[in-house]
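Biologist: Could you take me through a few features of this model, please?
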Amino acid sequence: MADPMRIRAQAAGDKATIRVLMSHEMESGQRKDGTGKLIPAWHIQDVTATLNGKVVMTAEWGPAVSKNPFLQFTIKGAKAGDKVGITWKDNKGDTRSDEATVS
Amino acid sequence: MKKLFFALGLIGLSAAAFAQKSSTDSIAEYRAMLQDGNPAELFEAKGEDLWKQKRGPKNASLEKCDLGKGAGVVKGAWVELPRYFADTGKVQDLESRLVTCMQELQGFNGDEIAKTPFGKGEQSNVTALATWISAESKGMKFNLPQGHVEERKMYEVGKRLFFMRGGSHDFACATCHGQDDKRIRLQDLPNLTKNPGAGNGFGAWPAYRVSNGQMWGAQLRLNDCYRQQRFPYPLFGSEATIALGVYMGVNGKGGEATAPAIKR
Amino acid sequence: MNRKYQIALSAAAVALLTACAAPMPSSADLDKLTQDIIGRSFRAQGQAKLDRLSPDEDNQLCAEAERTGVSLDAKVAEAIEARNMKTIKAPADGKYLGDFKEGEKIAQSGAGKTWTDAEGSANGGNCYNCHQISKEELSYGTLGPSLYNYGKIRSALEPNSPVTKAITEYTWGKIQNARAYNACSNMPRFAHKGVLTEAQIKHVMALLLDPASPVNK
Amino acid sequence: MPLGVSTSLGNVKRMLLLVEKNPSALIAMFNVTPEVEANFSTRSKMGQSSDVYAVAITNDGKAFFAKKEVKVTLGGCGG
């Protein structure tokens, strides 16, 4: 199973800034291994963000997002104590969900 | 039919564009943008778990490991390493000391770990542990002990190694890191013979490298310096690498620990 | 009586001093310890063999001067320069300039001679790591002086002029073995240490001295 | 390479980040809801210097874009 994400959710005024670090190889499919064989692409495809269980953002990613991806976005109306959930799914079907509380 | 509007100013795209400004400004902007989310945090979390987890043939955690400030004391340990350890009779840096603890407390084979390539197996665990332990000293000031004669000897050996010219290109560490305000390509080179360079340079590793997505400990940092210096391969935890650590760390006394940093 | 007392006192003072200083070895012993540690700390890997750890006399002298901050005795420096001057060879066919476009590629490349480079693969010159050269390349280092307009500002672009001849020969020698001109130069000795071939050095020469090279625009 | 895209436009449905010279040019597409700001940051691999595009697509199907040239330079040893 994939390693946990690091999610920081910080409220300021009537919104919260969400910063996420995900643990993933994000193999581009363009690199070759030691024997010259192409390493198959392996990357996060779908990202979903929820606020207290309700979907507020979805994203589709290509293989060119950096290894151990970083994502920052802002949720309107989120306040301290709210739960922010992030789920990613990669092209091999592996998935990971983590949650953080807005502070 | 969709219409395409040219709407610069309505949409902002931020990216450090090297060509459009002075290169120094662009690089500063690029670095500032990186600071926001340092994937080293992922390794810190892993390292903390590894410290507390019961592992190895003896099914023990590392919570009794003595990093120099007493069994189990993590905070502030890193800014006093490398230092002399009476139980091994050696001056050890953070990574070599961790291997000692993994051997003594958890029953791993220390020689096997030292021989494992960087980023593989238990070696990647050593890096994660070092990342977490260094982060626990973030913001503290370097204060390597020089009270024991072995520590003073290692400083002098480190100094000799730092200035030693060799390999196919006659390079020494000092060739790149012995002067103020120099660059290699666009990269600023810290002067490691004194502060602020020594504290800044030595105090930044372990660091996450964005260009290859790898977490590098101080041992790998030195290893790659020697590679590019065209020297032979320095053994993991070898006395030469530790002596250099003592030399840089003592020169950096009073400098602030910034590890784990994020690098290009 | 008085005298004896004085002697006893000074002996005690000396004893006290040595008690503090005794454990720290002499500089020569530390040199020896460093050699022992080097012997235990490295392994040969790829083309980077252990003989690379045995510095020649030139390197030993320069490293010591740099470490101690005591500059080399003028005579010693001259001897280093004279030794290195002897290694410089004029091009076999008398032609100093190759193709500046090839020279730019060599100046850009930092490849070669590391334990991860395949043995026998082409080496680069690493020039941009330390020098500004063409105006177009923004990513240049500052360890060495700027070489932009190298030939132009030295008035070395006029064919058959004595200035051009002198600058050309000096530049050739400098790239072949920089320490013929500056005993402890940080610049690699490209010909002497087999980093660049004669043909490669000609290309780098052209980058610096060909009137058509972007460097001289 | 850190990349950010933001807009003050209302009624934005989608935001895209593209690197023209990447083998797969589309880096990321964000579906915007009323609960989030049209402002996202992520990081991309870039093999060479290229134009980078940010595109915003509104609910009525219009597309707006901004472009920036990003130069990828060679690093030295160290860092």
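Modeller: At 1.5 Å a residue, the 15 residues of helix H5 (residues 121-135) of chain B should span 21 Å, and the end C-alpha atoms are 22 Å apart, which agrees. The expected span is 1.5 Å times one less than the number of residues. Helices are DSSP runs of H or I with at least four residues, and strands are runs of E with at least two, numbered from the N terminus.

Biologist: What should I know about the source and numbering?
Modeller: This is a predicted model, in which local features need pLDDT of at least 70, side-chain atom pairs count only at pLDDT 80 or more, and totals for chains, interfaces and linings use all residues. Residues are numbered from 1 along each chain as its sequence is written, chains are lettered from A and ligands numbered from 1 in the order written, and side-chain values use heavy atoms, without hydrogens and water.

Biologist: How many residues of H5(B) are buried?
Modeller: In H5(B), 14 of its 15 residues are buried, meaning under 20% relative accessible area (1.4 Å probe, protein chains only).

Biologist: Changing topic, what is the strand order in the open sheet of chain B?
Modeller: The order of the three strands is S8-S7-S10, with mixed pairing; two strands pair if DSSP finds at least two bridges between them.

Biologist: Which are the edge strands?
Modeller: They are S8 (214-216) and S10 (261-263) of chain B, each pairing on one side only.

Biologist: And how many bridges join S7(B) to S10(B)?
Modeller: Three bridges join S7 (residues 207-209) of chain B to S10(B), and these strands run parallel. The bridge partner of B:Arg209 in S10(B) is B:Lys263.

Definitions and conventions:
Buried means under 20% relative accessible area, exposed over 50%, partly exposed in between (1.4 Å probe, protein chains only).
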